[in-house]
Amino acid sequence: MRLSNLPVTTLKEVPADAEVISHQLMLRAGLIRKLSSGLFTWMPLGLKVLRKVEQLVREEMDRAGALEILMPAIQPAELWEETGRWNKYGSLLLRINDRHGRDFCFGPTHEEVVTDVARKDLRSYKQLPVTYYQIQTKFRDEIRPRFGLMRAREFIMKDAYSFHADTESLQQTYDSMAKAYTNILTRIGLHFRPVDAAGGEIGGSKSCEFHVLADSGEDGIAYCDNDSFAMNVELAPTLPPEGARAAATEAMTTVSTPGVRTIDGIAGFLRSDPSQCLKTLLVEAEDDGLIALIVRGDHELNPLKAEQIDGVKTPLTMASSEQILAATGIGPGFAGPVGLNLPVWVDHSAAFVSDFVCGANASDEHLTGVNWGRDLPEPNTADLRNVQAGDRSPGGGTIAIARGIEVGHIFQLGDQYSKSMNLNVLDQNGKALTPLMGCYGIGVSRLVAAAIEQNNDENGIIWPVAISPFPVTILGLNYGRSEAVKDAVDNLAEALSKLGIEALIDDRDARPGVKFADSDLMGIPHRLVIGERGLKEGKIEYRHRQASEAEEVELTNALAFIQEKLEAQ
């Protein structure tokens, strides 16, 4: 492809409404163009990347034994009413009417449709297991579309659905899909983690998310390279400290702390470490009372874990100032466990602290030198906090924290959809059997954005070779005015084409600096520069997108040189 034939307009300035780097660079490099909020047109270079991702996903699905189909994007309301999701799905569902006034939706997912396909085609357990997949446009009416393709309203997704006679078969396909997703992300060249997760709107008893690690990720991921542990920060367990709690060395003392209400404030005031200060958080109980939850000052309460405590109101609701005053007789900031007439639960780490600082249940006062078992009873303990970097993982390693972009999610649905939609087949005894289902989604367009989020620098995109729009770009300096340059560029491009290597030729009448800048912005992995000065010496210039310096290559050896570079990827 010649850039002179491509009406692409690259941008020097960052578009004002582009918040994350993938959105900025895709607009600047001319890969996409915004139509409306959350709606984008894929331009030629961007579409080439998208198609490469699609093909790679398709190859791994086919390898896993899944069968490709294509279901309608527009779905009748009756199907969603069978499963109860027509109202449950909420405002994310784009509802539309046809000319007869019948209700339809633009499908955000296809569990109902594929179950309808199965109940029309599957008759016997002998037809199981079977897995169908499609690569198709989806629509979710996001309240606030943002981050470009990361949270667009319309997007390209691969969704697959499997049907099984028993849980063992379902587990086998679930595992094979996890392997397929691992292969997809590995082949693209992304740093990622599979993460245990909740089912969300899809439902099901077991699920796993696949996160590409990037600073711009919306989700916090706790992981350990040594034992393969990975889990969303909100779900990751924390383990009780090892060993025995240190013995008390201080006497409990009341200290005047006028106006000091925060952990940082009290730690600074008393010249103590936040880890030695315990914070008492009062939350609403199911019986309209309050419950005290205590964590170390350097830790954060985890709402999902707190909601698992008996008696805690769901969703977790922090007590108001008025409720705290009514229950303790003081305002916020001075509550503590000593003498507190409320149910108390203490995080494992907080229960391990000796000689700690806490509120004194009196205005403008704190206690120092407080110890469990001496100054107050041994506590009821639970896992109440968010995991932190440096914590022990369940496998014995050390936890690290990273941001993750969710690009894939696999589920074990059980009979949630097949039962509600009356999907049955005959078992080996001629009796009705309700198949179990699995669901497996991966965001094809989101993968493109995630790859950029993980692979970029101050100059632009750095495409992984597997999904780059072109593996090689050839920059012809003075291409339109030098026959020697034109012939060298065209001959090399033709030779590469005969080897199945498509090159992007920059034959524009533009200054070298513009060509170099656009080449870096577009992120093509291998760049060849052909100019008159080099040709006089029989040489051309080569630079890998991530290299700091260029190197000279003999023109006669250029074809073999670039082949070797591509094979080494």
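Predicted model: local features only at pLDDT ≥ 70, side-chain atom pairs only at ≥ 80, totals over all residues.
I take contact to mean heavy atoms within 4.5 Å. Residues are numbered from 1 along each chain as its sequence is written, and side-chain values use heavy atoms, with hydrogens and water left out.

**His 299**

I looked up His 299 and set aside its neighbours within four places in sequence; contacts remain with Lys 279, Asp 347, Ser 349, Arg 385 and Gln 388. The side chains of His 299 and Arg 385 make a polar contact at 3.4 Å (N or O atoms within 3.5 Å; within protein, one able to donate a hydrogen and the other to accept it, and residues adjacent in sequence counting only if both atoms are side-chain atoms).

**Aromatic pairs**

I found six aromatic pairs in the structure (rings of Phe, Tyr and Trp, its six-membered ring, with centres within 6.5 Å; planes under 30 degrees apart are stacked, over 60 edge-to-face, the rest tilted). One of them is Phe 106 with Phe 139, tilted, at 5.6 Å centre to centre and 45° between the planes. Both Phe 106 and Phe 139 are buried.

**Charge over ring**

I noted the charged end of Lys 48 over the ring of Phe 470, 4.9 Å from its centre (NZ of Lys or CZ of Arg within 6 Å of the ring centre and within 35 degrees of the ring normal). The charged end of Arg 95 sits over the ring of Trp 86, 4.8 Å from its centre.

Conventions. Buried < 20%, exposed > 50% of the residue type's maximum accessible area, 1.4 Å probe, protein only.
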